[in-house]
Amino acid sequence: MRDTLPLLDNIRFPALTRGRLETLQVNVGYRCNQTCFHCHVNAGPNRTEEMSGETADIVLAFAERHRITTLDITGGAPELNAHFRRMVVTARRLGVRVMDRCNLTILEQPGQEDLADFLASHEVEVVASMPCYLQDNVERQRGKGVFGGSIRGLKTLNAVGYGRDPRLRLNLVYNPQGPSLPPPQAPLEADYKRVLGQQYGIVFNNLFVLANMPIQRFGSMLVTRGEFDGYLQLLQDAHLDANLEGVMCRSLLSVDWRGYVYDCDFNQMLDLPLEHGPKARPHLSDLLDRDLARNPIRVAGHCYGCTAGQGSSCGGALKEAAE
Ligand code: SF4
Ligand code: SF4
């Protein structure tokens, strides 16, 4: 795989500093029941990286100490981590909103038969990647059989109240298949609701539309095809200063499965650790008593993926999300 960091590091981006910390986004490991083509952590059934119970405890202590409002749990398939449910239960007890980045097909895996009920009973917000409402497009990105499994997963979640009960939020995530800007969020969400509703009887709350980041497999593919410079130019030409205020790194901290800390998930994937204090690679345990407000954010060319056009954050388009 081609490393895009040297190319991204040559591109200037406006300086950013952190604001008030609200969200802890935690990657609990790379094990997954799927092996998607575009997966930015190269997850799969044979990956062994997994957050330990000790690190999970540090995450929970940090959440309590810093009065984190949202714990966003991702992977791999985060539900496969042995400490996932304990983290959910403890965080909810602390009054923290919990998001599960769920791949939907996990709901059919052995041992996960009660997952939908578990998530519902703790009012966990489910965020699920659904790159299209058409079978061919989904399976080209995510593998054969994934579309049917995802539809069954959505139906299972609907059956326990997701998308219907206002306390049980079910959001889907879309990203373009290639090097283009994502389409406007509101009309695409309406299309998804119409097709999934009419054909499968599925309901959900919101569709988050995100740009593809020129990193990992997608970035490498662009380099190989000679499309990297063109895509970066497209993102830079569409940059809007107004989106800088809402980029997620201003209020989010990203934690890897070992407990090391980054300004966002993309920086985690580029191995650009948070710059704070004397250590080149700060650990969450180093930051239990630290206030990160006004800390500089490590920016590079990939950041234009967050500020191009309607903008992208973990809550979808910035302009529309704010409306
Ligand atoms: S479901 Fe998600 S984590 Fe698993 S392989 Fe696909 S993209 Fe990666
Ligand atoms: S990629 Fe986006 S979220 Fe990450 S540091 Fe850049 S602007 Fe912030």
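In helix 5 (residues 135-142) of this predicted model, the residues N137, V138, E139, Q141 and R142 are buried. These buried residues pack against strand 4 (125-129) and helix 6 (146-159). G143 follows helix 5 and has a positive phi, near 105°.

**Surroundings of ligand 2**
- Ligand 2 sits in the largest cavity.
- The residues that surround ligand 2 are M248, C249, C264, F266, N267, I297, R298, H302, C303 and C306.
- By class, this shell comprises 7 nonpolar, 2 polar and 1 charged residues.

**The loop between strand 1 and helix 2**
- E49 is placed in the loop between strand 1 (23-27) and helix 2 (53-65).
- The side chains of E49 and R47 are joined by a polar contact of 2.9 Å.
- When neighbours within four places in sequence are left aside, E49 is in contact with G29, Y30, R31 and W257.
- N42 also lies in the loop between strand 1 and helix 2, and its phi is positive, near 55°, in a residue other than glycine.
- N42 has a relative accessible area of 43% and is therefore partly exposed.

**Further backbone features**
- Most residues other than glycine have a negative phi, and most peptide bonds are trans.
- Q216, which is not a glycine, has a positive phi of about 50°; Q216 is found in helix 8 (residues 216-224).
- The peptide bond from G75 to G76 is cis, with omega near 25°.
- G76 is located in the loop between strand 2 (70-74) and helix 3 (84-93).

Key:
Residues numbered from 1 in each chain as written. Chains lettered and ligands numbered in written order. Predicted model: local features only at pLDDT ≥ 70, side-chain atom pairs only at ≥ 80, totals over all residues. Heavy atoms only, no water. Helix = DSSP H or I, 4+ residues; strand = E, 2+ residues; numbered from the N terminus. Polar contact = N/O pair within 3.5 Å; in protein donor to acceptor, adjacent residues only side chain to side chain. Contact = heavy atoms within 4.5 Å. Near = heavy atom within 4 Å. 1 Å grid on protein atoms, 1.4 Å probe; cavity = no way out; pocket = protein on both sides within 12 Å on 5 of 7 lines; lining within 4 Å. Sits in = over half its atoms within 2 Å of the grid points. Nonpolar A, V, L, I, M, F, W, Y, C, P; charged D, E, K, R; others polar. Buried < 20%, exposed > 50% of the residue type's maximum accessible area, 1.4 Å probe, protein only.
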